[in-house]
Amino acid sequence: MRFKFVHAADLHLDTPFRGVPADSGLLSTFQQATFRAFSRIVDLCLREHVAFLLLAGDLFDAKDRSVRARLALRRELDRLDVAGIQTFIVHGNHDPLSGDTGALGLPGSVKVFGADWEEEEVRRDGRLLCRVQGISYPEVEVRENLSARFRRTAPDFTVGLLHANLGGVEGHGNYAPCTVEDLSARGLDYWALGHVHTRAEYTLGGGAVAVYPGNPQGRHVNEPGERGCMLVEVEDGRTRRRFVPVDRVRWHRLEVSLEGLGSLDALLAAVTEQVDASCADELEGHAVRLTLTGRGPLHRELSRAEALTQLEADLREQLAQRHPPVLVESLRDASRPELDLETVRLAGGFSGTLLAEAESLTKDPEALAALWAEDAELRSLCQRLKRLGVDALEKPRPEWVEQAGVRVVEQLHEEDEA
């Protein structure tokens, strides 16, 4: 028997995109992006005549679902209902069952799994296609290994729909934690997972597979690259899987080397070239974090007070006028002076000793932590940032110490040349 389904997760409908400046002219484009991505998922279901759609949790961005997000969800699911396509939903940590007010009904073709494990049969023209099992989060934090509740009940192709952290992926709450061995032991054919926003596949015993499709729309610079869902074709109990991008705005991390660039004009041309190569025309917008790298004469120019800020402002204005528009999330300088640091080290003296000490600190975590702990100003700054929800100084970063050493040596040599 042959049939198709679409597996999507982590829609995060109505993500506010707080990192997008209101005066950029792009805020509306970004705020519509999660809705547009979901609409494209439904378009794919209709175009491919799939049997059903799986939504593996975090349909909404917040426990208190916005009215706009709920209306958009129902509007899209109505389109599937009219076409005779079923939808299966589990809720995750961002949208637990406890956050549902019940004020908006869903079409009869939609099955929302509750807080207890359930199994549903999927039939077409009276024939059994497969079975779908699922369980939702009753509250935000679920620490139980929910995969242990799943089990094969019949020889038919069986899908497990679960919002979980498989293998303890960092950067995501360790909710409903499980292992590859846990999933293999349940004997299901396809695990439709949600929660982790990076696309991944895991091969299980007996030809089964566990899949994270990733989120269909990147929400910040730490979710770069194309985003989408999985189109799955099942034939004779085996799956063929194809990733389908559906994102409408895309985040990028781009590096521009100062190597060989002797003027600001040359730098602007290099940035434009990178943007042209990375930012596809068919999307509605892009957001980029630009990082300057390499060694070159422009390093000194951009180290002057306000120079980087002014360059960032100019790039933001120019790139926002492109079609599609490009938002500059930030411009960062990781470039190095033209100074031959190895020669400085070998020459010794104060500069050589300073570089050696900085390098030594980067390789000694205990000494680095002690330096952090002993500096009252750093501790005070850390506390102020934490109150603002920023944890950038929570842990010392070795590269900061190395960069500080290089910067001081550069300034010393600039003063010698003056």
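## Close-up views of a predicted model

**Figure 1. Strand 10, covered on both sides.** In this predicted model, strand 10 (residues 209-212) has both of its faces covered. Val-209 and Val-211 are buried on one side, while Ala-210 and Tyr-212 are buried on the other. Strand 8 (residues 190-194) pairs with strand 10 in the parallel sense, over three bridges, and Trp-191 stands opposite Ala-210. Strand 9 (residues 200-203) runs antiparallel to strand 10 and is joined to it by four bridges; here Glu-201 stands opposite Val-211.

**Figure 2. The turn between strand 9 and strand 10.** These two strands form a hairpin with five residues between them.

Figure 3. Helix 9 covers residues 349-362, 14 residues in total. From first C-alpha to last it reaches 20 Å, close to the 20 Å expected at 1.5 Å a residue. Its buried residues are Ser-351, Gly-352, Leu-355 and Ala-358. Viewed down the axis of helix 9, the buried residues fall within an arc of 130 degrees, so they line one face of the helix. On the face turned away from that buried side you will find Phe-350 and Glu-357, which are exposed.

**Figure 4. Ser-109 and its surroundings.** Ser-109 lies in the loop between strand 3 (86-90) and strand 4 (110-112). Its relative accessible area is 15%, so Ser-109 counts as buried, the cut-off being under 20%. The side chain of Ser-109 makes a polar contact of 2.7 Å with the side chain of Asp-81. Setting aside neighbours within four places in sequence, Ser-109 is in contact with Asp-81, Ile-85, Gln-86 and Thr-87.

**Figure 5. The loop between helix 7 and strand 15.** This loop, between helix 7 (307-319) and strand 15 (326-333), holds Ala-320 and also Pro-324. Ala-320 is partly exposed, at 27% relative accessible area. Not counting residues up to four places away in sequence, Ala-320 touches Pro-325 and Val-326. Gly-285 is 35 residues from Ala-320 in sequence, and their C-alpha atoms are 9.2 Å apart in space. One more detail to look for is the cis peptide bond that joins His-323 and Pro-324, with omega about 0 degrees.

**Figure 6. Positive phi at His-49 and Asp-58.** Most residues other than glycine have a negative phi, and most peptide bonds are trans. His-49, although not a glycine, has a positive phi of about 50 degrees, and Asp-58, also not a glycine, has a positive phi of about 55 degrees. His-49 sits in the loop between helix 2 (33-48) and strand 2 (52-56), whereas Asp-58 sits in the loop between strand 2 and helix 3 (67-82). Exposed or buried? His-49 is exposed, at 63% relative accessibility, but Asp-58 is buried, with a relative accessible area of 1%.

**Figure 7. The whole chain, for orientation.** Of the 418 residues, 46% are buried. The accessible surface comes to about 20,100 Å², with 48% of it belonging to carbon and sulfur atoms.

Key: Residues numbered from 1 in each chain as written. Predicted model: local features only at pLDDT ≥ 70, side-chain atom pairs only at ≥ 80, totals over all residues. Heavy atoms only, no water. Expected span 1.5 Å × (residues − 1). Buried < 20%, exposed > 50% of the residue type's maximum accessible area, 1.4 Å probe, protein only. Arc of directions from axis to C-beta. Pairing = 2+ DSSP bridges. Polar contact = N/O pair within 3.5 Å; in protein donor to acceptor, adjacent residues only side chain to side chain. Contact = heavy atoms within 4.5 Å. Areas by Shrake-Rupley, 256 points an atom, 1.4 Å probe, with all protein chains shown as cover.
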